[in-house]
Amino acid sequence: MSNNNNDVPATLTRRSALKGAVAAAALGISGAASADKPDAKIQPAKTGAKSMNTITTKDGTTLYFKDWGNGQPVVFSHGWPLSSDSWESQMMHLASNGFRVIAHDRRGHGRSTQPWNGNEMNTYADDLALLMETLDLKNAILVGFSTGGGEVARYIGRHGTKRVAKAALVSAVPPLMLKTAANPGGLPVDVFNGLRAASIADRSQLYKDIASGPFFGFNRPGAKVSQGMIDSFWAQGMQGGHKNTYDCIKAFSETDFTEDLKKFDVPTLVIHGDDDQIVPIGASGLMSAKLVKGAKLIVYPGAPHGLTDTHKEKLNADLLEFAKSADKSAA
């Protein structure tokens with residue numbers, strides 16, 4: 001199997017070309033580069049058990065989040081079109097080993113409300129900042145998967161690392177998904193146009209196709225298919241708003257996180273599978289590891305994009321080891 005990023009689009013069969021395009025954008029890529037800079041002040045919508053809570057942004061969007069355990073905070077940002085539920089294995093593992101784990105449903109996804117506007121990376125990052133500020137998190141470890149990796153990168157680019165001890169990018173979209181003259185290893189715009197067309201035509205079927213195919217690598221010969229993983233992906237995707245998930249395709253595919261990555265000044269872990277058909281490693285994980293000074297890269301041989309499920313035991317162990325390693329002092 002070739003690990004050359006430029007070979008990935010060519011490996012898609014004619015029959016699954018639209019799926020692959022869709023898939024490439026599908027699992028987690030997030031961050032539209034342009035966007036009005038929102039006011040970053042948020043008021044808690046209600047108080048209560050920290051395991052189930054919401055915060056409300058100034059534009060009226062209500063963000064749902066989970067907050068489990070005690071200890072140094074680990075904040076998880078999910079991929080597209082998923083929700084915080086996609087992190088359940090990692091959250092359970094770290095919370096059971098002495099960490100406080102927090103994950104929110106991005107605006108328009110999961111149990112958060114579905115605003116018409118603000119479905120782009122700057123606002124996603126500012127929403128994350130509001131969550132961090134509302135909970136007064138310090139010395140936090142940020143972990144972003146796919147689109148969530150873009151959210152983490154843009155957060156650091158816009159808000160710095162005053163509250164951050166470390167960062168981890170897992171199957172993440174930075175530095176840039178879209179193929180351009182300056183980024184020849186990216187995916188062609190036709191891939192993302194295909195994803196948008198499939199979303200309009202039959203969003204439910206699109207999510208089933210992505211999950212049963214390239215996301216978990218179930219389209220590979222000899223793959224052990226899990227109907228449960230497919231069903232979970234579809235259910236999370238269908239919780240999201242149609243407009244929100246549609247807009248997010250542009251966000252995750254066209255946002256350039258290069259300058260954001262250059263601002264990382266905390267220990268950073270980059271984890272990526274070398275058989276990622278959604279966010280091919282050559283233009284993403286390998287490049288991010290080069291752009292972030294001192295980043296540690298771990299490549300999972302044969303792993304697909306959705307390694308948070310397919311390789312959860314290894315990922316859980318690697319994240320726990322990273323979380324326990326020496327880190328930046330609390331602010």
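1. Tyr 207 is buried, at a relative accessible area of 0%; buried means under 20%, exposed over 50% and partly exposed in between, with a 1.4 Å probe and protein chains only. This is a predicted model, in which local features need pLDDT of at least 70 and side-chain atom pairs count only at pLDDT 80 or more, while totals for chains, interfaces and linings use all residues. Residues are numbered from 1 along each chain as its sequence is written, and side-chain values use heavy atoms, with hydrogens and water left out.

2. The partner of Tyr 207 is Trp 80: the ring centres are 5.8 Å apart and the planes stand at 80 degrees, so the pair is edge-to-face. Rings of Phe, Tyr and Trp (its six-membered ring) pair if their centres lie within 6.5 Å; planes under 30 degrees apart are stacked, over 60 edge-to-face, and the rest tilted. Trp 80 is also buried, with a relative accessible area of 0%.

3. What does this pair tie together? Trp 80 sits in the loop between β4 (72-77) and α3 (88-95), and Tyr 207 in helix α6, so the parts joined are 127 residues apart in sequence. The whole structure has 11 aromatic pairs. Both residues belong to one aromatic cluster, whose members include Phe 76, Trp 87 and Phe 145.

4. The largest nonpolar core has 82 residues, of which Phe 76, Met 132, Val 143 and Tyr 155 touch the most other members. Such a core is a set of buried Ala, Val, Leu, Ile, Met, Phe, Trp, Tyr and Cys residues joined through side-chain atoms within 4.5 Å. Helix α6 (residues 189-212) gives the largest share of this core, 8 residues.

5. A contact means heavy atoms within 4.5 Å.

6. For the chain as a whole, the secondary structure comes to 12 helices and 9 strands, taken as DSSP runs numbered from the N terminus (helices H or I, at least four residues; strands E, at least two). Of its 331 residues, 58% count as buried. Among contacts between residues at least 6 apart in sequence, 78% join residues at least 24 apart.

7. Leu 297 lies in strand β9 (residues 296-300) and is partly exposed, with a relative accessible area of 34%.
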